[in-house]
Amino acid sequence: MATQLTHLQRLESESIHILRETVAEAEKPVMMYSVGKDSAVMLHLARKAFYPAPPPFPLLHVDTTWKFRAMYDLRERSAQEAGMDLLVWQNPEAKERGINPFDHGPLHTDMWKTQGLKQALDHYGFDVAFGGARRDEEKSRAKERIFSFRTTSHGWDPKRQRPELWNLYNARKSKGESIRVFPLSNWTELDIWQYIMAEQIEIVPLYFAAPRPTFEWEGGLFMADDIDRLEQVMGHRPEITQRSVRFRTLGCFPLTGAVESEAATLAEVVQEMLLTTTSERQGRVIDQDEGGAGMEKKKQEGYF
Amino acid sequence: MAELTASPTVKSNGNTAYRPDALIAEDIEGYLAQHQDKSLLRFITCGSVDDGKSTLIGRLLYDSKMIFEDQLAALESDSKKVGTQGQDLDFALLVDGLAAEREQGITIDVAYRFFATEKRKFIVADTPGHEQYTRNMVTGASTADAAVILVDARKGVLVQTRRHSFIAKLLGIRNIVLAVNKMDLVDFDQAAFDAIVADYRTFASDIGLEDVTAIPISGFKGDNIAAAPSSETPWYSGPSLIEHLESVPIANREAQSRPFRMPVQWVNRPNLDFRGFAGLVSDGRVRPGDAVRVVPSGATSTIKSIETFDGSLDEAVAGQAVTLTLADEIDCSRGDVIAAAEAPVEAADQFEASLVWMSEDALKPGRGYWLKLGTRTVTATIQEPKYEINVNTLEHLAAKTLDLNAIGVAEVTTDRPIAFESYADSKTLGGFILIDKETNATVAAGMLNFSLRRAQNVHWQATDIARTDHAKLKNQQPRVLWFTGLSGSGKSTIANEVEKRLALMNRHTFLLDGDNVRHGLNKDLGFTEADRIENIRRVGEVAKLMTDAGLIVLTAFISPFRAERRMVRDMLPDGEFIEIFVDTPLEVAEERDVKGLYKKAREGTLKNFTGIDSPYEEPEAPEITVNTVAMTAAEAAEYILQQIMPLK
């Protein structure tokens with residue numbers, strides 16, 4: 001009698017297979033860890049893949065210094081529980097120049113994230129980096145391989161991708177070249193949430209609605225996570241109102257809009273996510289640059 | 001899916017965007033429980049250019065309410081700007097995401113899309129129709145359980161229809177859907193549909209495709225996509241496309257009924273007390289206590305436990321990622337296959353395989369490539385193809401090599417035995433990729449047909465006098481001094497000088513010269529790339545035998561390709577291959593033109609001449625370099641001796 005594997009079981013097995021193949025063939029792998037829900041799932045899968053050993057690679061957080069405090073809390077705890085080293089990289093040049101989301105616009109993302117990531121990979125000499133991106137997120141991602149080859153300058157050339165057959169991954173590369181590996185390529189947003197529920201994976205509490213100090217800025221609703229710092233860079237103290245809010249995605253707190261919500265449990269969050277009629281990344285400003293091909297262009301320049 | 005109608009008219013006001021299932025609002029736990037245990041079907045769509053593949057996928061996403069309002073708004077604006085459907089929505093724009101694709105209005109690369117119905121989740125690989133992207137179609141097909149082959153109702157079965165059907169069959173896809181698309185453009189004419197289906201069935205049975213389901217559809221209008229029959233095709237009594245895809249059996253379940261196999265990915269040793277073998281079960285099922293055999297070593301043991309993060313399991317089946325512990329401390333490492341003891345897999349080092357060539361650099365028969373099968377990577381050489389298949393006519397054509405997108409059959413030799421099964425039995429243990437050692441590009445997909453009997457019959461003859469004994473008798477360290485450089489650079493002259501000096505020092509040597517071996521050992525070979533590779537391979541083998549006999553071997557061959565020089569290096573123990581680059585600029589060599597060959601090459605009477613119409617790849621890290629512009633042959637020989645003598 002055949003055992004019917006569910007789609008979540010098949011996705012889980014595939015991801016574990018990818019994680020193990022990478023570790024077996026890479027010289028110095030690292031897992032990008034952004035503390036979001038996809039990162040949480042990826043880390044959980046890594047713990048499964050190498051159990052009873054801890055995952056044999058460190059976690060790397062490319063930190064913009066503007067993340068929510070709750071993210072920093074979970075970051076430390078997750079790494080500790082997984083028995084893994086946590087590396088935090090803050091672009092020293094961005095730090096020195098005081099790059100921030102208020103004064104510098106897109107330069108903030110470029111300096112802290114794109115350049116920061118490249119610096120970190122070069123600094124530690126990682127040849128393979130796991131990323132939690134999914135193919136359902138964005139159009140150019142749907143075309144990217146699970147093993148995505150990058151040039152010595154971290155560029156991605158969509159026209160020169162290696163064919164990827166069966167579950168055979170080609171991890172070979174020359175000196176200086178690197179590979180980004182996406183174990184969650186075939187997962188959808190709903191899969192991620194279902195898996196978090198089924199496996200009871202801890203995620204940042206900001207995904208759940210709670211009364212939080214908020215302020216309005218340029219038409220968006222934001223959380224005053226560090227009011228003193230906000231006042232410093234904004235030049236004035238924003239007006240704070242308590243509202244029941246949560247976040248659909250997590251990034252830098254001055255760039256990540258909150259949504260008013262009462263969804264306080266996992267089931268309610270998933271319900272809200274499924275009831276919405278707009279896509280997950282709709283509020284993400286960076287996808288919309290360059291007339292819809294923004295992400296493709298960023299990836300060619302080395303963005304994750 | 002509850003709200004789907006048979007053929008919703010496409011409107012560009014966005015009123016068919018994502019609309020959540022009623023159950024979500026009423027009972028989210030119930031909804032999730034329902035979604036939790038769905039099966040997952042992977043399929044590809046293929047067909048000729050402009051058969052409407054991207055439109056069909058856009059339609060599948062749209063009809064299963066996977067398009068959000070903001071995405072639909074973007075689609076509406078894009079359709080007006082760059083669409084090809086006039087005022088209507090151009091669904092193709094939902095899938096063609098790369099800038100170059102949007103510019104040219106074609107699909108360049110495989111796109112993976114996701115949608116779900118009440119019964120199943122789907123991952124669809126949208127594969128390009130253009131002939132130059134056949135490799136991408138193969139990529140998409142390799143993980144698919146089913147293939148939807150689109151045919152334009154106005155055009156019927158075309159070359160690409162045949163090509164893609166053949167590839168689907170070759171890749172082992174059993175379930176084929178013939179989707180006769182654009183039925184709206186032939187007034188939903190049943191006779192037109194029947195004629196295409198009859199035509200296709202004849203072809204399908206020729207190539208051994210048995211399970212074909214034909215459905216008349218309109219991707220653009222939505223007929224017979226979600227529900228059937230459409231009011232436009234009352235004469236059609238079969239399922240809609242989605243209904244059919246919901247019922248296609250998943251290959252994974254068949255794999256479970258085969259004997260147990262698991263390629264070892266990773267040996268997990270967190271501490272001295274635990275040694276587990278991690279892998280993805282590719283076939284069958286396994287329980288603690290089962291007797292297993294490790295292939296190729298042949299060692300046997302029994303399964304002690306099946307470990308996972310969530311606890312020990314009583315059983316694991318094909319498709320599950322687990323870690324096995326064995327009752328005995330036997331040798332087992334990455335690349336080995338743990339298999340049922342009573343029905344183990346075979347191991348061999350010579351095979352017949354079908355190959356799909358995926359690189360602009362054509363197959364070089366005789367050259368060493370990395371071959372990755374399961375979790376094992378070995379060096380493999382491919383013989384000149386037995387034949388190439390014309391996938392349009394299915395004819396077998398004579399072939400010297402395989403070019404980009406060519407499909408052929410050839411013999412493959414690996415440098416050591418590997419565990420395998422025929423591709424027809426196991427995709428995991430029969431499918432492989434070839435990787436270029438120089439560029440690291442994936443250059444081919446292969447499917448093993450069977451092992452060649454001689455692989456089992458030719459064994460190494462064990463001899464009592466070992467190569468170290470030969471070397472000891474001659475009181476020297478055997479080496480190969482491999483001179484490489486352009487024609488006329490002075491390789492033979494310098495090698496001759498070096499050999500004379502070695503002889504004076506009572507060293508036992510032999511000089512293999514490029515011209516000389518072509519009079520005997522290699523007189524059957526010409527100067528094509530393939531022949532040059534074979535020339536070097538044979539010389540390498542001879543040189544290796546001579547080092548086994550304890551000799552210091554000097555060779556003087558242009559040996560223009562890095563890959564072959566490395567092949568010879570890999571044949572020999574570490575340190576025994578000394579690459580000597582005789583560095584002479586082309587102008588100088590051509591001016592010397594000792595044998596008058598450059599003149600002939602320039603006149604065009606001599607083809608494939610290195611430096612003129614055939615490349616020379618300089619060594620990247622030769623052990624020794626001599627520059628013949630700065631040194632005489634005697635000085636160069638003296639310098640080489642100085643370099644090698646400390647090595648004894």
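Colleague: How many salt bridges does the rule find across the interface of chain A and chain B?

Modeller: The model is a predicted one, and the rule finds 7 salt bridges across the interface of chain A and chain B.

Colleague: What makes the pair Asp310(B) and Lys48(A) a salt bridge?

Modeller: The closest N and O atoms of Asp310(B) and Lys48(A) are 2.8 Å apart. The cut-off is 4 Å between a side-chain nitrogen of Lys or Arg and a carboxyl oxygen of Asp or Glu, so the pair qualifies. Both residues also belong to a network of salt bridges that links Glu12(A), Lys48(A), Glu199(A) and Asp310(B).

Colleague: Which helices of chain A each supply at least two residues of the side that touches chain B?

Modeller: They are α1 (7-25), α2 (37-50), α7 (189-199) and α9 (266-275). Of these, α1(A) gives the most, with 13 residues. The residues of that side of chain A divide into 28 nonpolar, 22 polar and 20 charged.

Colleague: How many residues of each chain are in contact, and what area is buried between the chains?

Modeller: In chain A 70 residues are in contact with 91 residues of chain B. The two chains bury about 7,000 Å² between them, with 57% of it on carbon and sulfur atoms. Across the interface, 26 residue pairs are in polar contact, both residues being at pLDDT 80 or more.

Colleague: Why is Asn186(A) called buried?

Modeller: Its relative accessible area is 3%. Buried means under 20%, so Asn186(A) falls in that class. Asn186(A) is found in the loop between β6 (178-181) and α7 of chain A. Beyond its neighbours within four places in sequence, Asn186(A) is in contact with residues of both chains, including Leu11(A), Glu14(A), Arg42(B) and Phe114(B).

Colleague: What makes the pair Asn186(A) and Arg135(A) a polar contact?

Modeller: The two side chains make the contact at 3.0 Å.

Colleague: Why does Ser559(B) count as buried?

Modeller: Ser559(B) has 3% relative accessibility, and the class requires under 20%, so the residue counts as buried. Leaving aside neighbours within four places in sequence, Ser559(B) is in contact with several residues of chain B, among them Trp482(B), Phe483(B) and Tyr616(B). The side chain of Ser559(B) also makes a polar contact with the side chain of Thr484(B), at 3.4 Å.

Colleague: How do you know that the salt bridge of Glu421(B) and Arg258(B) links distant parts of the chain?

Modeller: The side chains meet at 2.9 Å, N to O. The partners are 163 residues apart, with Glu421(B) in the loop between β21 (407-420) and α12 (427-430) of chain B and Arg258(B) in the loop between α11 (251-255) and β7 (261-263) of chain B. Glu421(B) is buried, with a relative accessible area of 9%.

Colleague: What separates Glu534(B) and Arg537(B) in helix α17 of chain B?

Modeller: Glu534(B) and Arg537(B) are 3 residues apart in that helix, which spans residues 529-548, and so they are separated by about one helical turn. Their side chains meet in a salt bridge at 3.0 Å, N to O.

Colleague: Why are Glu534(B) and Arg537(B) placed in separate accessibility classes?

Modeller: Glu534(B) stands at 16% relative accessibility, under the 20% limit, and therefore counts as buried. Arg537(B) stands at 27%, between the 20% and 50% limits, and therefore counts as partly exposed.

Colleague: Is Asn506(B) buried or exposed, and what is its phi?

Modeller: At 63% relative accessibility Asn506(B) is over the 50% limit, so the residue counts as exposed. Its phi is near 60°, a positive value in a residue other than glycine. Asn506(B) is placed in the loop between α15 (491-504) and β25 (509-513) of chain B.

Terms used:
Residues are numbered from 1 along each chain as its sequence is written. Chains are lettered from A and ligands numbered from 1 in the order in which they are written. Side-chain values use heavy atoms; hydrogens and water are left out. Buried means under 20% relative accessible area, exposed over 50%, partly exposed in between (1.4 Å probe, protein chains only). Contact means heavy atoms within 4.5 Å. A polar contact is a pair of N or O atoms within 3.5 Å; within protein, one must be able to donate a hydrogen and the other to accept it, and residues adjacent in sequence count only if both atoms are side-chain atoms. Buried area is the accessible area (1.4 Å probe) that two parts lose on being put together, summed over both. Helices (H or I, at least four residues) and strands (E, at least two) are DSSP runs, numbered from the N terminus. Ala, Val, Leu, Ile, Met, Phe, Trp, Tyr, Cys and Pro count as nonpolar, Asp, Glu, Lys and Arg as charged, and the others, Gly among them, as polar.
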